[in-house]
Amino acid sequence: MIKPLLIATGLLASSLAFSATNYVVDPQLTDYRSNKGKSPVWLSHEDSNGGLGDVGSSGDTAFDAKGSARIRFKSSVPTHDFSSKPGLTQVISGLPANTDMSYSLYYCDKKGAESPSTLYFGVREVVEGAPLTGNVIAESRVHTRDLGDAPMGEVKDCFRQVSLDFNSGASGNVEIFSLMEVYIGDGEPNMTKDMEVRIDEFSVTAK
Ligand SMILES: [Ca+2]
């Protein structure tokens with residue numbers, strides 16, 4: 001009689017873990033792709049012609065149907081401001097208050113160990129109408145050279161998972177951000193090609 005009970009408990013635990021609520025809307029960028037980068041939830045931070053970088057949709061995907069976001073500086077633009085941090089934000093609401101949460105996404109940078117790109121991602125307090133201005137709750141930077149052993153996408157294995165932990169605080173609302181930073185310590189990067197990365201498969205869940 002004991003064995004069947006243990007099996008049942010194990011199944012229950014795994015199904016609960018699998019169904020943890022993801023508070024991100026359009027987390028796989030599938031709608032973002034279908035609507036060519038227009039979105040009621042994802043906010044693109046860009047000004048390509050102004051040299052601040054370009055953010056748009058891509059057919060590449062980490063999992064399931066087509067869709068990710070491509071962040072890039074285009075080679076066709078005459079001048080770039082590499083202090084700009086182009087990328088995506090989304091205001092997440094309805095989080096359980098004062099709860100330990102995890103924020104993760106999948107990041108693809110095909111430029112290898114010497115890539116000038118770094119992913120800067122994290123969580124901020126929400127300031128209504130003023131994205132990317134709230135106090136930082138948690139932040140991290142990661143380079144593709146550090147992701148050799150990270151979980152990878154199923155459709156495109158260039159995508160590697162990155163994550164950080166944060167506490168949701170009292171309001172139940174946070175802003176998640178995922179931006180490209182460019183390292184210019186060795187001088188301006190070679191811009192004979194577009195400098196691009198992709199982001200996909202976002203998740204915000206209670207721990
Ligand atoms: Ca996707």
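Which residues have the most contacts inside the largest nonpolar core? The structure is a predicted model, in which local features need pLDDT of at least 70 and side-chain atom pairs count only at pLDDT 80 or more, while totals for chains, interfaces and linings use all residues. Residues are numbered from 1 along each chain as its sequence is written.

The chain holds two helices and 10 strands, where helices (H or I, at least four residues) and strands (E, at least two) are DSSP runs numbered from the N terminus. Read along the sequence, these elements follow the pattern α-α-β-β-β-β-β-β-β-β-β-β. The radius of gyration, taken over C-alpha atoms, is 18 Å, close to the 17 Å that the globule rule (2.2 Å times the number of residues to the power 0.38) gives for 207 residues, so the chain is as compact as a globular protein of that length. Along its principal axes, the C-alpha trace spans about 75 × 35 × 35 Å.

Among contacts (C-beta atoms, placed from the backbone, within 7 Å) between residues at least 6 apart in sequence, 75% join residues at least 24 apart. Strand pairing, which requires that DSSP finds at least two bridges between two strands, can be followed through β10 (195-206). Strand β3 (residues 68-73) runs antiparallel to β10 and is joined to it by five bridges, with R198 in β10 as the bridge partner of R70. Strand β5 (residues 100-108) is also antiparallel to β10, through seven bridges, and Y103 stands opposite V204 in β10.

The opening question can now be answered: the largest nonpolar core has 33 residues, and those with the most contacts inside it are A69, L105, Y107, I176, V197 and I199. Such a core is a set of buried Ala, Val, Leu, Ile, Met, Phe, Trp, Tyr and Cys residues joined through C-beta atoms within 7 Å, and a residue is buried if 20 or more other C-beta atoms, placed from the backbone, lie within 10 Å of its own, exposed if 12 or fewer, and partly exposed in between. At least two residues of this core come from each of β3, β4 (87-92), β5, β6 (117-124), β8 (160-167), β9 and β10. Not counting residues up to four places away in sequence, Y107 touches L119, V142, F159, R160, V162, V197 and I199. In soluble globular proteins, nonpolar side chains tend to be buried together.

Of the 207 residues of the chain, 33% count as buried. K193, in the loop between β9 (174-182) and β10, is exposed because 10 other C-beta atoms lie within 10 Å. The C-alpha atoms of K193 and S76, which are 117 residues apart along the chain, are separated by 8.5 Å.

Notes
Contact = placed C-beta atoms within 7 Å.
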